[in-house]
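Colleague: I would like to learn how to read a few features in a model. Let us take them one at a time.

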Amino acid sequence: MNLPKIAIENAKFTLIIFILLILLGVQAFLTMPRTEDPTIYVPGGSVIVIYPGASPNDLEQLVAFPVEEAINELDDILMVKTEIKDGLSVTSVEFSYNTDAKEKYDELVRQINSIQSDLPEDIFLLDIMQWRSSDVAIMQLALVSDKASYSRMNERAEQLKRELEKQKGVKKVALAGVPDEVIRINLNFEKMARMNISLDQIINALKSNNANIPGGSVTMDGKSFMIKSGGGFKNLEEIRRTVVNSHNGKILHLEQVAELAFTDADDQYIARLGGAKAIFVTIEQKEGYNIFEVVDGIKPVIGDFSSRLEPDLSIHYVFDQSEGVKSKIGGFLSNLVQGIILVGFVILLALGFRSSLIVILAIPLSILIGLSLVNMADYGLQQISIAALVVALGLLVDNSIVMVENINRFMLKGLSSREAAVKGASEIAWPVVTATLTTLFAFIPIITMPDKAGDFIKSLPFTIIATLSVSLLIALSITPLASAVIFKRKKPEKKNNVFRMQLDRFIQGPYRKTLKFALKHKLFVILIAVLAFVGSMAMFPLVGLSFFPPSQTPQFMVRVEMPEGTAIQKTNHVVRYVESILDTSQYIQVYASNIGHGNPRIYYNIMSKNYAPNYGEIYVRLKRYEQSEYDQLISGLRKVFADYPGAKITIKEYQQGVPLEAPVMVYLLGDNQDVLQQIAEKMEQVMLETPGMINVNNKLKKMKTDLVFQINKDKAGMLGVPVVTIEKSIRTAINGIPVTTFRDKNGKEYDIVLRTPSGNEVKPGLLDQIFVSSLAGKQVPLRQLGSIQMEESPALISRYNLQRSALLTADLIKGSDLDAAMESVLSFLEQYNFPSGFSYHIGGELENRDQTFGGMAKAGLITVIAIFAVLVLQFNSYKQPLIIFIAVPLALIGSIWALFITGNTFSFTAFIGLLSLVGIVVNNSIILVDYTNIQIRNGMDIEDAIVLSGETRFMPIILTSLTTIGGLLPLTLRGGEIWAPMGWTIIGGLLVSTILTLVIVPVFYKIFGNNLKRIDEG
């Protein structure tokens, strides 16, 4: 290869090119986006319909069926799931991951818009939400006051919202926990009956008097004038004076049969901070921005706003993602620096000062130039990409180490530094290229993994590929150029340090004897290797499988779930109890309570739960994260909350990886709700008795009791009262109905709501006070048209892929094995005699892990084939690539034992480490086999060539392995539970593979190479 020669002969041009590349890298490092986690675009979305007063059965018929049918017409659907509660229907659809997320969302919106006319006209809300991990608040604030009214708090929160929205990089500012302010008209049905005023008359009067229809324009004397009718209510007094009827020759106004005032709507979402009334303000960041720049821009605005607040109002930070990003990036950069120091120490110890200087030069150059490529590919700095730099660290110097060693070897023969640099680099260039390609091919298939986990980890293989490619370019150009300049004298680098001398003694003594013994007892050595491999594989079940570990961040959620049908006030009472327990902990920094709704979305894989009066969620942030303190706190809280009567209080820890509702998810499918409920109860009991499972939740567990007004249709028909009039009157009395809107002078709109003055609690005699209008205009008491009965109905209707379902979920105690926990569940399901038309589906971590690991197995197969193809191309042989691949099973031995000894499971990142290991470990074999081929080609006997190659390549093989291990150690020891399995997989596999490769590969070469007279004969 001529590239080293070209680089040396055109030294000035080479230096200028690299200086430009370094400047690009520095610019990229300073400007590229910084976030906590990578953005995941999951093709899918949710259709949310809020229809107050509608039962689950009604919503299924009126909303869920048409929505599901419309969605089912779309292509590439993986799953359609619907959950229906009183007044709320949420239909979620997930599409195949290889589809375009934005395009699929647009198709979903068009499909739902096409059926809006088929949905009930009086639904309160229809929202279509796209699934995106980027729609996460980078900051959650709380505007707190125990004295101020919600109206004044909302006014200040809106003011802060407007100021924050102007800041650079801010995508969205949202308010949460703000009760809507409405104009409530409390009707007196008895007075209306005496004055013969119907509900429809009042509705029509309000609508007609509030109409504001443009009158058009006229031309007079050559000028154009707009005609305005002056319609629309200007103030509350105009609403009160609305004419609704006449009685005994007198005009009747609304105020004579109703009272009206501005008031807060019925409680749907109550927010508190540390027990005090609050409104939450969340801030989302635009994509492609540096979170530190965005936060630095908004914090002064928040500070200035806080200084202008009234004394009874205050603003507090609930969550600030930039602190987590700073901690994570700082930790990873610390690991990187420590890795560089370790790698540098190993190189300096083995090569001497000048050689080490040349080799270490590859690290900052590769990282900086590689970061420019990462930035061009739109991958910012986050925990995955920085971890990739740490993984790549030890690999970056491998090529330069081999180059410098070979250049030194030629200088020992008496060549000048320039000649040695050209000849040494050129001789080893193609093996170095091949070795790098084999490593790159181990990571390329990971980029193509077609699932959420693959997208989550994608920046890791890309960053490693980018930096390794740059390191190859540096090894072929800058390394020989620097060697030619730094080694100006003919004498090679002195290597008489203690470490090198001891290593040389080991090579010429114990290693040489071991290798010769192995070559004489080939079958014995192979038998030992096979037994070691088989024994290690037998250990694998003891290691166990997992997917993603906990996030190890100082935060968690406390979730309160009450029986369906529970009023929000009762849920609030239980949340108050949880707050009283949290107040006793010394570890808690702050907690934010949400009643009737989930906490705003602040973590990429946890969605905020929609409105539910029986649900409460408390976000808890600790003062710091210390493993033992955290585990002790979580364990203690679980024990305290376990036996609370009438409520289910659970702790939800944050998890790394793809979004999952729970690690354990079992769907029971069938159309009969009663049968589903029976099976679900038995399944729940099995899960409750399973060791390791906690927070077991059977969403179909309980029925609820409804008050049903049974209309006597015959009597209603006889009295001339339409059924729709009866239903409208009941709805007005109980829930209230919005009839029109009022706009104040500032342009803010308020719903005008008709209802009875009963407040949140409906009194038993309320229905006796309601009158309805007949077609003849007479007022008929509601009690004459029917009777009230109590009726059981489903509290929740779940549907999965257009079929009714029962969903059971559970979390796992830390350290529990998913497969062991699922054994009893799967055994029950397989043995249960399901009625015709009933079945089950396993979701959760097991489903996602199987899909992901299946994709990774395909990636591993592609990796092996691609590497094998490169080796066949280089060696023009099938046998020699097979000899080289002996390193892979040897590596597996070390990986399995390393995971077992350190107590780590074979997780998603461990699988990534294993795929990486395939490309890394074959490099040592390549160097060994290639040099053996050279010696045989020069006429040396095969055994002598094997021994010489082993001794000659011992140093670079050991050194490259030690640098890789040294670079990984800080991340492995301090990177947390997500990176430890990957680190130990690579370290253990590389350590064992390196030791055994220097013995086992020569043995296989001796067996399969005896008949090779020429290398190119294969």
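Colleague: How are α10 and α13 oriented to each other, roughly parallel or roughly antiparallel?

Modeller: Two packed helices are described by the angle between their axes and the distance between the axes. Axes are lines fitted to C-alpha atoms, for helices over the stretch in contact, and angles run from 0 to 180 degrees between N-to-C directions. Under 35 degrees counts as roughly parallel, over 145 as roughly antiparallel, 65 to 115 as roughly perpendicular, the rest as oblique. Here the axes of α10 (residues 321-351) and α13 (residues 383-396) cross at roughly 5° and come within 10 Å. α10 and α13 are therefore roughly parallel to each other.

Colleague: What should I know about the source?

Modeller: This is a predicted model: local features need pLDDT of at least 70, side-chain atom pairs count only at pLDDT 80 or more, and totals for chains, interfaces and linings use all residues. Residues are numbered from 1 along each chain as its sequence is written, and side-chain values use heavy atoms, with hydrogens and water left out.

Colleague: Which residues in α10 and α13 meet?

Modeller: Contact means heavy atoms within 4.5 Å. From α10 they include Phe332, Leu336 and Val343; from α13, Ile386, Val390 and Leu393 are among them. The residues of this contact divide into 11 nonpolar, 4 polar and 1 charged. Nonpolar covers Ala, Val, Leu, Ile, Met, Phe, Trp, Tyr, Cys and Pro; charged covers Asp, Glu, Lys and Arg; the others, Gly among them, are polar.

Colleague: Which residues have the most contacts inside the largest nonpolar core?

Modeller: A nonpolar core is a set of buried Ala, Val, Leu, Ile, Met, Phe, Trp, Tyr and Cys residues joined through side-chain atoms within 4.5 Å. Buried means under 20% relative accessible area, exposed over 50%, partly exposed in between (1.4 Å probe, protein chains only). The largest core has 187 residues, and Leu141, Leu164, Leu460, Phe908, Leu971 and Trp979 have the most contacts inside it. Helix α30 (residues 908-937) gives the largest share, 15 residues. Beyond four places in sequence, the contacts of Trp979 include Phe332, Leu460 and Leu971.

Colleague: In what order do the 4 strands of the open sheet run?

Modeller: Strands (E, at least two residues) and helices (H or I, at least four) are DSSP runs, numbered from the N terminus. Two strands pair if DSSP finds at least two bridges between them. The order is β12-β7-β24-β23, with mixed pairing. β12 (258-264) and β23 (737-743) each have a single partner strand, so one side of each lacks a neighbour in the sheet. β7 and β24 pair in the parallel sense over 4 bridges.
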